[in-house]
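Please examine the structure shown below.

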Amino acid sequence: MTSDPSFEANRGHLTALAYRMTGSIADAEDIVQEAYLRWGRADRATVQNVRAFLSKTVTRLCLDQLKSARSHRETYVGPWLPEPLVDAPHAGEGAELAHDISVALMLALERLSPLERAAFLLRDVFDLDYAEVAQVLGRSEAACRQLSSRARKHVAASSPRYQPSRDECERVVLAFGEAITTGDLSKLEATLAEDAVLYSDGGGRVRAALRPVYGANRIARFFLGVSKKFPLTTDAQILPQMVNGSPGYVIVEAGRPTQTVAFEVQDGLVSALYVVRNPDKLARVQVPNA
């Protein structure tokens, strides 16, 4: 099938939208492919705005996907985290996918209703006006304003107080890694905020904490306990990478990624850690020079 220039010009935007809606690269790629097929069947003479038409198609496909995924999320084993994007943008999709994809934001979006999520993304992330949002969602402009306003308040409540510099983040992450390597509990605890939280997603497929771990001491003991009880293989590589736009690392064993970690840093300390170990979510992680 030959590519369509009018669709390809919007593929990065559509992938970015679908990933933020679903939290899954696999689902995003499937949805964008379905949108491509529907675009091929569309009466293009009636389409005045290609991007708006395709955004509407992808958003509605995402809403359908979220409805079908709801029961799966309710029975998910342990904390759910989005499929990690390593050294984003993924697969050359462009800068749109690399912007505003922090795990904290993705989790905030997960707590919204599907319509709130769509309204927030279309208005606040992709800058559609309310008339366009209303057309995409099939709701009145007033209803879309309410959806977007509610979503914005929830997202703001989950947002970090300030954005640390990349140098600060990397310095803290390096200190964290060195403390784990030496097995020094006090040094590891010193890199963590007192109210830090650890989320670990194994999806019931591999070992992971079934509930969030709260507090610097408990998180430090958890990490050191795991490293002693389940040491890495001799060929393991711990590769510093950007994970969902945040400093972190990828662990590669036997040539394949087995874990990603993304760090959230506040006031010079690690305030949150997001560990993905579910192999289904690591299948598309591509690590250069692994």
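A cavity is a set of grid points where a 1.4 Å probe fits but cannot get out. The structure is a predicted model, and a search of the whole of it finds one cavity of 30 Å³ or more. The volume of the largest cavity is about 40 Å³. Its lining consists of Pro 82, Pro 84, Val 103, Val 243, Asn 244, Thr 260, Ala 262, Tyr 274 and Val 276. By class, seven of these residues are nonpolar, two are polar and none is charged. At least two lining residues come from each of strand 5 (256-266) and strand 6 (269-276).

Attention may now turn to strand 4 (residues 246-253). Is this strand buried or exposed? Eight of its eight residues are buried, so strand 4 is largely enclosed by the rest of the structure. In a regular strand, side chains alternate between the two faces of the sheet. Both faces of strand 4 are covered: Ser 246, Gly 248, Val 250 and Val 252 are buried on one side, and Pro 247, Tyr 249, Ile 251 and Glu 253 on the other.

Strand 4 pairs with strand 3 (residues 237-243) in the antiparallel sense over seven bridges, and Ile 251 is the bridge partner of Ile 238. The two strands form a hairpin with two residues between them, where Asn 244 in the turn has a positive phi of about 50°. Strand 4 also runs antiparallel to strand 5, joined by six bridges, with Val 252 opposite Pro 257. In this second hairpin, two residues again lie between the strands, and Ala 254 takes a positive phi near 50°.

Glu 194, in strand 1 (residues 192-201), is exposed, with a relative accessible area of 75%.

Note on methods: Residues are numbered from 1 along each chain as its sequence is written. This is a predicted model: local features need pLDDT of at least 70, side-chain atom pairs count only at pLDDT 80 or more; totals for chains, interfaces and linings use all residues. Side-chain values use heavy atoms; hydrogens and water are left out. On a 1 Å grid over the protein atoms alone, a cavity is a set of points where a 1.4 Å probe fits but cannot get out, and a pocket is an open set with protein on both sides within 12 Å along at least five of seven lines; lining residues have an atom within 4 Å of a point. Grid points are joined across faces, edges and corners, and a volume is the space filled by probe spheres set on the points. Helices (H or I, at least four residues) and strands (E, at least two) are DSSP runs, numbered from the N terminus. Ala, Val, Leu, Ile, Met, Phe, Trp, Tyr, Cys and Pro count as nonpolar, Asp, Glu, Lys and Arg as charged, and the others, Gly among them, as polar. Buried means under 20% relative accessible area, exposed over 50%, partly exposed in between (1.4 Å probe, protein chains only). Two strands pair if DSSP finds at least two bridges between them.
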